[in-house]
Amino acid sequence: RRLAELILSYENDALTQNVVIGMELVNEPDHAKWTEVQALYTEMVPELRSMLPTTYSLYLSFMTDLNAAATWMKQQVDADPATWTNVVFDHHIYHSFGDNDNWGPLKSSWVAGNTDACKTCCRDVLRLQLLQGIPTVIGEWSLTVSSSNDHQYKDAGFLQGFWAQQLSVYASETLGSFFYTWKLGPLANVAEYEINFDLKSLIQYKALPPPSTVDTSEICPSQPLQLCPSYLWPVDWDETCKTFEGSRDPWYPQWPKCSFRKAWLISALDGISDCAAHRFLSEGTDPAYCPATTCEPSGHGIVNVAVGASSSAPSRTITVGPHIVSCPAVCNRDCRTNGDYPEAGDTFSINLQTLQLTVARTDAN
């Protein structure tokens with residue numbers, strides 16, 4: 001409220017009129033506080049709109065699941081379009097902080113002009129389409145591909161291409177964007193310190209072209225968009241920017257890459273378990289990028305059934321709780337674990353009758 005009052009005072013002063021165009025309630029609120037964030041925005045948007053006319057934008061930042069946040073905001077706009085006029089979804093995009101490009105042997109495959117193009121031109125576009133119908137800005141973005149300065153890709157050709165690709169996407173899919181940051185560093189004895197976040201240094205030392213000279217007439221005009229996946233997830237964890245359209249069998253050729261990435265995660269995150277690494281890699285995917293794991297999943301509605309070796313235990317029946325009301329008819333690599341042979345072709349049929357759950361092996365071995 002005090003900030004809204006300050007903005008109004010600026011408008012009453014000829015020296016500061018039209019300086020402020022909007023305000024944001026909170027930046028990057030904790031995703032674990034999703035209920036509280038909804039309550040805050042539900043209360044404060046009407047109150048601030050009663051103070052500030054619709055010529056001022058109200059920016060709402062979200063750190064929860066993008067689809068959930070978009071669905072909630074659409075509901076608010078539909079319920080009270082007058083109050084929610086010029087309320088803008090502030091979305092941040094970084095190819096780091098969990099969306100890093102892989103460091104290690106795969107770095108040798110990085111190619112200036114193509115690295116990260118699949119994420120920007122395919123995956124990010126599909127994500128932004130979840131926000132169709134909602135006024136959206138990219139409140140923060142940069143040229144980062146890693147959460148560590150030592151693992152950033154700082155080739156000038158790559159940076160220029162990455163810059164142009166993102167500008168073209170944001171020009172097409174949003175109201176505008178804000179690069180983060182204008183200036184960062186320098187830091188003594190560290191060459192090109194966090195230059196991927198430092199726009200001033202990127203312009204000075206990496207020859208980024210002015211935005212006005214970048215072709216933003218279409219999304220990523222230099223990229224073969226016909227090769228983009230037709231759905232959201234396959235490109236997420238594919239650090240070589242290849243997609244897996246169509247059938248994913250056989251799994252075996254992909255498993256070594258998955259194993260390597262899990263091993264890298266376990267090392268990089270200082271002892272994270274195999275189970276946690278697998279969940280991180282496969283979270284939200286359909287089907288999971290990693291085909292199997294040695295961990296046992298847990299959570300409401302999940303039942304673990306130990307069937308045993310194929311020669312001695314072709315099926316098993318257990319009693320389940322009343323909260324288990326349905327199960328998939330078939331279980332294969334996406335829902336089973338195999339501790340000693342994770343890439344095996346185990347498949348099972350599943351039958352739930354009242355509280356009796358029967359899992360039967362259907363594969364040949």
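**Questions about one chain**

Colleague: Across which strands does helix H3 lie, and at about what angle does it run to E3?
Modeller: Helix H3 (residues 66–79) lies across strand E2 (57–61) and strand E3 (87–93). Helices (H or I, at least four residues) and strands (E, at least two) are DSSP runs, numbered from the N terminus, and the axes are lines fitted to C-alpha atoms, for helices over the stretch in contact (heavy atoms within 4.5 Å). With angles taken from 0 to 180 degrees between N-to-C directions, H3 runs to E3 at about 175 degrees.

Colleague: What pLDDT do local features need in this model?
Modeller: Residues are numbered from 1 along each chain as its sequence is written, and side-chain values use heavy atoms, with hydrogens and water left out. The model is a predicted one, in which totals for chains, interfaces and linings use all residues and side-chain atom pairs count only at pLDDT 80 or more, whereas local features need pLDDT of at least 70.

Colleague: What share of the 365 residues in the chain is buried?
Modeller: The secondary structure of this chain comes to 8 helices and 9 strands. Its accessible surface (Shrake-Rupley method, 1.4 Å probe; for residues, only the protein chains shown count as cover) is about 18,800 Å², with 54% belonging to carbon and sulfur atoms. If buried is taken as under 20% relative accessible area, exposed as over 50% and partly exposed as what lies in between (1.4 Å probe, protein chains only), then the buried share of the 365 residues is 42%.

Colleague: In the open sheet with parallel pairing, which strands are the edge strands?
Modeller: This sheet has 5 strands in the order E1-E2-E3-E4-E5, paired in parallel, where two strands count as paired if DSSP finds at least two bridges between them. Between E4 (residues 136–141) and E5 there are 2 bridges, and the partner of Trp 141 in E5 is Phe 179. The strands that pair on one side only are E1 (22–24) and E5 (177–179).

Colleague: Why is one side of strand E6 and of strand E7 left without a neighbour in the sheet?
Modeller: The open sheet of 4 strands with antiparallel pairing has the order E6-E9-E8-E7. Within this sheet, E8 (residues 348–353) and E9 (residues 356–361) run antiparallel and are joined by 6 bridges, among them one that pairs Ser 349 with Ala 360 in E9. Strands E6 (315–319) and E7 (330–331) stand at the edges, so one side of each lacks a neighbour because each has a single partner strand.

Colleague: Does Lys 206 count as buried or exposed?
Modeller: Lys 206 forms a salt bridge with Glu 192, the closest N and O atoms being 3.0 Å apart. The pair ties together parts that are 14 residues apart in sequence, because Lys 206 lies in the loop between H6 and H7 and Glu 192 in the loop between E5 and H6. Glu 192, at 35% relative accessibility, is partly exposed, whereas Lys 206, at 10%, counts as buried.

Colleague: With which residues is Thr 216 in contact, leaving aside its neighbours within four places in sequence?
Modeller: Thr 216 sits in the loop between helix H6 (199–205) and helix H7 (255–268), and its relative accessibility of 32% makes it partly exposed. The C-alpha atoms of Thr 216 and Ser 172 are separated by 7.4 Å, although these residues are 44 apart along the chain. Once its neighbours within four places are set aside, the contacts of Thr 216 are Leu 167, Ser 168 and Ala 171.

Notes. A salt bridge is a side-chain nitrogen of Lys or Arg within 4 Å of a carboxyl oxygen of Asp or Glu.
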